Amino acid sequence: MAPVKKGILERLNAGEVVIGDGGFVFALEKRGYVKAGPWTPEATVTHPEAVRQLHREFLRAGSNIMQTFTFYASDDKLENWGQTLKISGAQINEAACDLAREVASEGDALVAGGVSQTPSYLSCKSETEVKAIFKKQLEVFMKKNVDFLIAEYFEHVEEAEWAVQVLKTSGKPVAASMCIGPEGDMHGVSPGECAVRLVKAGAQIVGVNCHFDPMTCVKTVKMMKEGVEKAGLKAHYMVQPLAFHTPDCNCQGFIDLPEFPFALEPRILTRWDMHTYAREAYKVGIRYIGGCCGFEPYHIRALTEELAPERGIMPPGSEKHGMWGAGLEMHTKPWVRARARRDYWEQLLPASGRPKCASMSTPEGWGVTKGHADLLQHKEATTTQEMKHVLEKQKKAKSSA
C-alpha cells in the first residue's frame, strides 16, 4: 500500500513550505478550453484530458497541491448572463475532484476542493441562499473525500466568512483566500480585519489570491498576519498572486486594467521575478506559496527552485532546467553561453519590444460593488440596451479618469 500522505496542517505545522499550483482558467483559456467572460470550468467534463495534463505539468513543476478545477462551478454562475450549459455544477465538481485525485496520486500532492464568490451575493441574495450554494458544492467534495478545502477569490469578507462557515462543517482543514490588495475588500475592510474575521469564522489558513502581482499580494498577506497576531489569534498564511505586474492597479486589481483579459502578456513576470517573489513570501512567514491567473508550470518550477534549500527537494521538471540558466553553457553561440550566470538574469531589465506603449495604464475604476444596480445578475443574455448602458458608463469613466 502507498504510504499515507501528510495532511496540509501537518505540513504547515511542521514548518514545511507547501507549493500551490497555478491559474487554471487563464491557462486553459489560452489553450482553447475555457471561455473568457464566464470563466467557468466545464472543461472538466468536456475536455478532461486538457485539465488532467495541466495538473500533471504543475505536479512535475513541483506543486504539492492539486486544486480542483471548480472555480465558478456553482449553479448560479453556470447559468448567469446567457450561459446555456447543459452540464450541472455537481457534474463539473465531481469530474474535477476525480481528475485532481488521479494526478495527486502520482506524486506527493494533496487535493483541495475550492469554492469561490457567487453572482447571488452580488445580487444581494440572503445569507441562507448564498450558503446553500456553498453547501451544494461541499456535498460533492465530501463525497469525493478531498484532503482540505479552500474558499478563494472573494472580494467581500462577509461572503468569504459565509463560505468558511459552511466549509468548516465538514471537519476538514479550511483555507480562505481573498482577492484583495492593501486597501482591503470592496467595502473597505482592511486586510488585517479580513484575516481576523476569517480566522474567527474557522479558517486555519488565510491569505490572498489573484487580482494583484506577487509583491502586492505578499504585502497584503503581511498586513493580514499582523492583524491576526495583534488580535492574539493564530493561523497559517498563503499567497497565490497573479503572474502579471500590476503597479498601476486600483483597489479592484487587474480586472480594471484596460488590457484585461486579452492583452496582458506584456506584463508577464519572468521566471527570475518568481525567484524574488518566493524569497520575499518566505521571509515574511508565508509557507503556502503558489500562483493564480497567468501562472504557468515554469513559474511554479521557479518557486520550487528558489526554495529548494529550505525544502530539500527539486521537482522533476528541473531535470530540464539548469539553475540560473546553467543549461546555456551548452549553447552554440558564445554570447548566449555568456548568459549562463545568475547575476546576468538578476540584473536584466527586460524590454517590452513595443515602442508606442506606455509603461502603465489607467484603470477603469467604476466604483460599483455589491448592492449596486449595475451588478444585479440574471440568467438571460446581455441585451442591446444593457450593452448600450455599459458602454455609456465606460465612456463616462474614461473621460473622468
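Predicted model: local features only at pLDDT ≥ 70, side-chain atom pairs only at ≥ 80, totals over all residues.

**Strand S5 and its surroundings**

Tutor: Strand S4, residues 148-154, pairs with strand S5 in the parallel sense, over 5 bridges.

Now look at S5 itself, which covers residues 174-178. Of its 5 residues, 5 are buried, so the strand is largely enclosed by the rest of the structure. Buried here means under 20% relative accessible area. The cover lies on both faces of S5. On one side are Val174, Ala176 and Met178, on the other Ala175 and Ser177, and all of them are buried.

To place the strand, step back to the whole chain. The protein chain has 17 helices and 8 strands. Its radius of gyration is 21 Å, close to the 21 Å that the globule rule gives for 401 residues, so the chain is as compact as a globular protein of that length. The C-alpha atoms fill a box of roughly 60 × 60 × 45 Å along the principal axes. Buried residues make up 53% of the 401 residues. Among contacts with a separation of 6 or more, 77% are between residues 24 or more positions apart.

A helix can be mostly covered too. Helix H13, residues 297-306, has 9 of its 10 residues buried. Among them are Pro297, His299, Ile300 and Arg301. The buried residues of H13 pack against strands S1 (18-19) and S8 (288-289), and against helices H4 (48-61), H12 (271-283) and H14 (308-311).

For contrast, turn to the surface. The accessible surface of the chain comes to about 18,300 Å², and 53% of that belongs to carbon and sulfur atoms. Met387, Val390 and Leu391 form a nonpolar patch there, with about 240 Å² of accessible area together. Valine 390 is found in helix H17, residues 384-400. Its relative accessibility is 34%, so valine 390 counts as partly exposed. An α-helix has 3.6 residues a turn, so residues three or four places apart point the same way.

Notes. Residues numbered from 1 in each chain as written. Heavy atoms only, no water. Patch = residues over 30% accessible without salt bridge, like charges linked within 9 Å, V, L, I, M, F, W, Y side chains within 5 Å. Areas by Shrake-Rupley, 256 points an atom, 1.4 Å probe, with all protein chains shown as cover. Salt bridge = Lys/Arg side-chain N within 4 Å of Asp/Glu carboxyl O. Helix = DSSP H or I, 4+ residues; strand = E, 2+ residues; numbered from the N terminus. Buried < 20%, exposed > 50% of the residue type's maximum accessible area, 1.4 Å probe, protein only. Rg over C-alpha atoms; globule rule 2.2 N^0.38 Å. Contact = heavy atoms within 4.5 Å. Pairing = 2+ DSSP bridges.
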